[in-house]
Amino acid sequence: SNIQGNKIANIRVNTNFTTTAIPSAFTGIYLTGGLINVGTTSLNLIGDTTTTGNIIISANTTNNPNFTTANGIGVNGATTTANIENNRISGMSLMTSAGILRGIWINNTSSNNTVINNNLIGSNTTAFSMQVTAGTTNTNVTEVTGILQNSANGTFTISNNTLANLMTPNSVSTSTLSFIRGIVATDGTNNITGNTLKSFTSAIANTSTTAANDAVQGTQLSA
């Protein structure tokens, strides 16, 4: 199957949805099974690379653990093999007092190969491209992650991606689960090479002494 050359843009979502499982409150492209090529021959655009807030998810959440999650691309299925290449995920804003925004989230149980290559998450030129605008003082979760791979099985190639202008501009959350992360791989077999991570901005007041929960992280590999 193929998902090629699509534009998903100019979206406003108002929600009370608080589950953290994919597809969450919003997922631009959601894969649940089969062999799927996403952007391999013609890129998919989710949001806009030159503006902020092209996709806005406004969530009425107030307390942990009731926080809202939004994703650019989500993979969740026992038989899913995905080639996710050349896509642009930009201009997304999650407006909530407790929330998680992820560019690409891989969370399946297959033992197949998955390739995440040459994607742009955020923008090379536009500040606040991927952002969670949370309350200015709270202990709730505030997270922006470019690529999260936490599948139990399989081999994952994460290469030549650019993650830029990921931000939590006004959150001063003291939660130890509040952070900006570039690439995170927690399970499976992972090959992470040639990626560019830059221009991360955070006001988070997380004082965790655990490396995995540092307020700003480039690449975290724990598999």
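Two strands count as a pair if DSSP finds at least two bridges between them. Keep in mind that this is a predicted model.

Q: What stands opposite Ile11 in strand 7?
A: That's Ile55.

Q: How do you know that strand 3 and strand 7 pair?
A: Count the bridges: strand 3 (residues 11–15) and strand 7 share five, in the parallel sense. Pairing takes at least two bridges, so they qualify.

Q: Why is strand 7 called largely enclosed?
A: Strand 7 covers residues 55–59, and four of those five residues are buried, so the rest of the structure largely encloses it.

Q: Why is Ser159 called buried?
A: Buried means under 20% relative accessible area. Ser159 comes in at 8%, so it counts as buried. Ser159 belongs to strand 17 (residues 155–159), and beyond its close sequence neighbours, its contacts include Ile116 and Thr193.

Q: How do you know that strand 17 and strand 20 pair?
A: They have five parallel bridges, and since at least two are required, they pair. Thr157, for one, is bridged to Asn191 in strand 20.

Q: What makes strand 1 and strand 20 edge strands?
A: The open, parallel sheet runs in the order 1-5-9-13-17-20. Strand 1 (2–3) and strand 20 (189–193) each have a single partner strand, so one side of each has no neighbour in the sheet.

How values were computed. Residues numbered from 1 in each chain as written. Predicted model: local features only at pLDDT ≥ 70, side-chain atom pairs only at ≥ 80, totals over all residues. Heavy atoms only, no water. Helix = DSSP H or I, 4+ residues; strand = E, 2+ residues; numbered from the N terminus. Buried < 20%, exposed > 50% of the residue type's maximum accessible area, 1.4 Å probe, protein only. Contact = heavy atoms within 4.5 Å. Lists of a residue's contacts leave out its neighbours within four places in sequence.
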